Amino acid sequence: MKFMIVNAFGRSNRGDSVLLDECIHEIRARYPDAKIAGAVFEGIADAAAVHPKVAWSERIGNTGGGGVVNRLKSIIYLLAAWLSPYLPFLGLEKLLPPAQRETLAAIRDADVVISAPGGYIHDTNFAYFIALLHVHLGTLYKKTVILAPQSVGPIERPLSRAVARHVLGKVPFLCARESYSYDFLAHELKLPEKQIFRTGDSAFWNDRVEDDAELVDGIYRQIGVDPAKPIFGMTVVNWSFPKSKEPRADYERYTDAVARAADHMSETHGLTPVIFNQVSEDLPTAYDVQKKAKHPVVIDAVSREPDILRALIRRSSVFLGTRFHSCIFAMMAGRPTFAIAYLPKTEYIMNDLKLSHRHTPIDKIDYAYLTERVSTDYADLAASEAEIQNAVKVYQTNFTRLQDILAKIGSSK
């Protein structure tokens, strides 16, 4: 069996890294002898270093830069790939850069094409059409296509909806990782419900973590933290507030709230605030929080592999996360977690976990409630940890995982 994973981001976002790792793990768990290829948006060498047995290539449409010229080049690449199945005798794939030509060949050669878990199908930018094209190529070449657990919607523009309905309507396995995405596929796009599967986020089934306690202690000492003392773990996001009329003011309110929460836990409970690095692009925001805080805030600026990052996060006594997969890392370890929702997935997945009282929107942060919640968690760690552990266990029981979908491939054929 030959698999091709498309629409993977790369390894610079450790949440995406875990989802890609889990996708490969679940394929091999079901099909041990499978040949796997994958296309990433960036970081082919980094992906190959972690998964050397996977044949890596580049996302179709990449140009290496912005501007009008690069946008035109991207459109040419996308059109060449799209028309290749219809007009194979023209050799249009020769217009693609070599690494993108490999992607098209891998899709053509695969038995199963999987759109990587963790993606977003919503029409906020041009990447929307690039993602759908990779899915569409799988159906054009008559492969079994799986949209792995991810978010779909909202899709606002009529043209974008029509494209999504056309492309996704031909996909036999659509995995919606939140109730909203399921409802959007079934009721907004009106796709057949037999094609839609209510799945959980794949990160809830990935429990690989660094278990070398001395190594983890050493990292904490390197960043100036006593590993024996209680830690208030955090992640932030360098968010642009795209729907706000006053994005700069909203950004300042967000960083103010995180800094105040760090000060509160430091001053009231004696915890050491530590901001972890899930995505390096968020570091400027981490430093803004650090500057605003009255008490010391430690920043681990190193980009670490997911198993090490998870081991660091699990040492937190209480966790306040904006990057949602860092929240999943904390909850998988049973840490009391409060989430700041900057994308709908946070709200929807926390609601699926029956933890609707553990999140607040980034543009309207309820600071008083946030600090009350994390303080209460620390005051009664046993009860709050039990709540989180039970929520994760019930979630894993209630929702389907990617491996369950992979088991259906044979029967669909």
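Let's start with Lys190, which sits in the loop between helix H7 (179-188) and strand E8 (196-198); helices here are DSSP runs of H or I with at least four residues, strands are runs of E with at least two, and both are numbered from the N terminus. Lys190 isn't a glycine, yet its phi is positive, about 60°.

Quick note on where this comes from: it's a predicted model, where local features need pLDDT of at least 70, side-chain atom pairs count only at pLDDT 80 or more, and totals for chains, interfaces and linings use all residues. Residues are numbered from 1 along each chain as its sequence is written, and side-chain values use heavy atoms, with hydrogens and water left out.

Asn7 is another non-glycine residue with a positive phi, near 65°, and Asn7 lies in strand E1 (residues 2-8).

Now, where's the cis peptide bond? It joins Gly153 and Pro154, with omega about 0°. Pro154 belongs to the loop between strand E6 (144-152) and helix H6 (158-168).

On to a helix pair. The axes of H4 (residues 98-109) and H5 (residues 127-140) come within 8 Å and cross at roughly 40°; axes are lines fitted to C-alpha atoms over the stretch in contact, and angles run from 0 to 180 degrees between N-to-C directions. That makes H4 oblique to H5, since under 35 degrees counts as roughly parallel, over 145 as roughly antiparallel, 65 to 115 as roughly perpendicular and the rest as oblique. Who makes the contact, meaning heavy atoms within 4.5 Å? From H4 we have Thr103, Leu104 and Ile107, and from H5 His134, Leu137 and Gly138.

Key
Contact means heavy atoms within 4.5 Å.
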